[in-house]
Amino acid sequence: MSEKKTHEDQKYIDGLLKNNSFIIQAIYDKFVPKVINYIKQNSGSSDEAQDIIQDTLITIYNQASQKKLELTCPFDAYFFLLCKRKWLNELKKSSNKEVTINEEVLYKDDDAQELAFETSLFGEKQALFTEMFQKLGNACKELLTATFKIKSMEEVATSLGVSYAYARKKKSLCIGKLTELVQESPKFNQLNN
Amino acid sequence: MQDQDYILFENYLLGNLSKEDVIAFENRLESDSKFKESFNTYIELTSFLKDKFEGEVASNAFQNNLKNISQSYFEKQEAPKKQMRFKPWLYATAASVVLLISIVLFNNLSAPVYQDYANYDSISLTIRGEQDALLHTAENAFNNKDFAKAEEAFKSLMVLDKDNAELQFYSAVSNIELDKFEKAEILLANLIKGQSVFKNKAIWYLALSNLKQKEFDDCLEILKTIPEGADDYDRAQKLIKKLD
């Protein structure tokens with residue numbers, strides 16, 4: 001892995017990370033039409049394509065900002081595979097739609113396959129964690145939000161009007177609760193295998 | 001896991017455990033797979049929460065910007081469709097569009113040719129009130145595409161008025177049309193050196209002269225010297241793309 005060179009298309013990742021409108025526009029102009037075509041040819045609408053593309057770009061942004069994302073393949077292949085995977089998942093969810101998928105291999109690039117797989121796994125985990133976070137009680141949500149926003153546990157305790165020791169203990173119990181919610185979800189086991 | 005275990009996780013991560021407790025903790029990680037699994041998930045979630053809240057402001061800014069760009073992109077895509085209503089004349093329009101596209105495609109696929117780019121209009125050399133028969137002859141012949149006759153007239157006219165850039169230019173075009181490239185290119189080179197309004201046009205036609213001779217490399221090099229802002233700049237860029 002370490003021998004792999006970063007692809008020149010890394011500029012698109014860096015541009016997304018910097019919220020560079022010019023780059024985002026370029027991605028739409030250059031790479032999006034192909035995705036729209038694909039989705040439309042596979043039982044989707046233009047609106048659905050719009051959502052899939054937007055979600056995919058947000059996932060790429062999140063992965064790049066949190067885990068460092070080094071592109072070792074063309075952005076085109078990586079992006080298309082991600083959108084495709086997301087759309088197929090979407091179709092599976094609403095399986096009343098007739099699925100006509102051309103399973104031709106559009107990209108034989110292994111790097112692209114591998115990277116797209118990593119990113120979509122990352123994205124699905126993020127979605128699951130967010131969903132489970134919403135299931136926590138309000139007290140936990142509030143405490144965790146404060147903890148990670150303010151950083152200093154003393155300040156968190158003061159702002160919530162509890163003792164420092166209690167805030168710290170409560171933090172570990174809330175993350176513990178979240179750990180259990182996540183582990184209990186069938187989706188998590190699916191993703192981890 | 002018990003509440004105690006989660007408190008232990010946190011203390012371990014914060015480095016708040018005694019040496020003995022750390023050893024005991026690490027031993028348990030190795031022997032108790034459930035314990036280890038929960039600990040790993042606990043770490044993953046801690047880092048998820050940290051990233052989620054720390055990067056929230058930047059992430060929201062990104063998402064808003066993205067939404068705007070996406071919205072306007074898709075609106076542009078939809079726009080022409082909304083105006084579409086099925087009326088009979090639309091079919092005719094559609095058919096001619098298809099025809100046009102196929103012509104354009106066909107042209108794109110074949111090598112570019114001189115005739116597609118030579119873009120001179122009818123000329124008007126005579127000034128109102130001035131009745132020069134020779135000028136009339138040149139003008140009419142050129143506009144009727146009788147370039148041999150036009151060139152004869154230009155030649156005579158240039159004897160009298162050898163520095164007239166307009167005459168030189170149209171004489172050059174006539175010579176290209178007559179496949180007398182050498183003569184044409186001498187005239188064009190002269191114009192390119194000068195400062196007349198035909199300077200940039202002359203570069204464009206010098207390129208076209210090479211195109212007509214199928215000297216594609218030379219044509220390409222010449223096209224690249226056409227300055228931005230020249231009338232034929234856009235046409236030149238398109239031709240460059242085709243030749244490249």
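Gln10(A) lies in helix H1 of chain A. Helices (H or I, at least four residues) and strands (E, at least two) are DSSP runs, numbered from the N terminus. The model is predicted; local features need pLDDT of at least 70, side-chain atom pairs count only at pLDDT 80 or more, and totals for chains, interfaces and linings use all residues. Residues are numbered from 1 along each chain as its sequence is written, and chains are lettered from A and ligands numbered from 1 in the order in which they are written.

Gln10(A) counts as partly exposed because it has 16 C-beta neighbours inside 10 Å. A residue is buried if 20 or more other C-beta atoms lie within 10 Å of its own, exposed if 12 or fewer, and partly exposed in between, with C-beta atoms placed from the backbone. Leaving aside residues up to four places away in sequence, Gln10(A) touches Glu70(A) and Leu71(A). Contact here means C-beta atoms, placed from the backbone, within 7 Å. Pro74(A) is 64 residues from Gln10(A) in sequence, yet their C-alpha atoms are 8.4 Å apart.

The largest nonpolar core has 36 residues. Such a core is a set of buried Ala, Val, Leu, Ile, Met, Phe, Trp, Tyr and Cys residues joined through C-beta atoms within 7 Å. Val32(A), Val35(A), Tyr78(A) and Cys83(A) have the most contacts inside it. Two or more residues each come from helix H1 (10-17), H2, H3, helix H4 (75-93) and H5 of chain A, together with helix H4 (56-83) of chain B. H4(A) gives the most to this core, with 10 residues. Val35(A) touches Ala49(A), Ile53(A), Phe80(A) and Cys83(A), not counting residues up to four places away in sequence. A second, separate core of 33 residues includes Ala150(B), Leu187(B), Ile203(B) and Cys219(B).

The axes of H2(A) and H4(A) come within 10 Å and cross at roughly 30 degrees. H2(A) is therefore roughly parallel to H4(A). Axes are lines fitted to C-alpha atoms, for helices over the stretch in contact, and angles run from 0 to 180 degrees between N-to-C directions. Angles under 35 degrees count as roughly parallel, over 145 as roughly antiparallel, 65 to 115 as roughly perpendicular and the rest as oblique. On the H2(A) side, Phe31(A), Lys34(A), Val35(A), Tyr38(A) and Ile39(A) take part. They meet Phe75(A), Asp76(A), Phe79(A), Phe80(A), Cys83(A), Lys84(A) and Trp87(A) in H4(A). This contact has 9 nonpolar, no polar and 3 charged residues. Ala, Val, Leu, Ile, Met, Phe, Trp, Tyr, Cys and Pro count as nonpolar, Asp, Glu, Lys and Arg as charged, and the others, Gly among them, as polar.

Helix H5 (residues 110-135) of chain A packs against H8(A) at about 125 degrees, with axes 9 Å apart. The two helices, H5(A) and H8(A), are therefore oblique to each other. H5(A) contributes Leu128(A), Phe129(A), Met132(A), Phe133(A) and Lys135(A), and H8(A) contributes Leu178(A), Leu181(A) and Val182(A). By class, 7 residues are nonpolar, none polar and 1 charged.

Between the chains, 30 residues from chain A and 30 residues from chain B form the contact. On the chain A side, helix H2 (21-41), helix H3 (46-67), helix H6 (138-150) and helix H8 (164-184) each give two or more residues. H8(A) gives the most, with 10 residues. This side divides into 14 nonpolar, 13 polar and 3 charged residues.

Chain B has 13 helices and 0 strands. Of its 244 residues, 25% count as buried.

Technical notes
Two residues are in contact if their C-beta atoms, placed from the backbone, lie within 7 Å.
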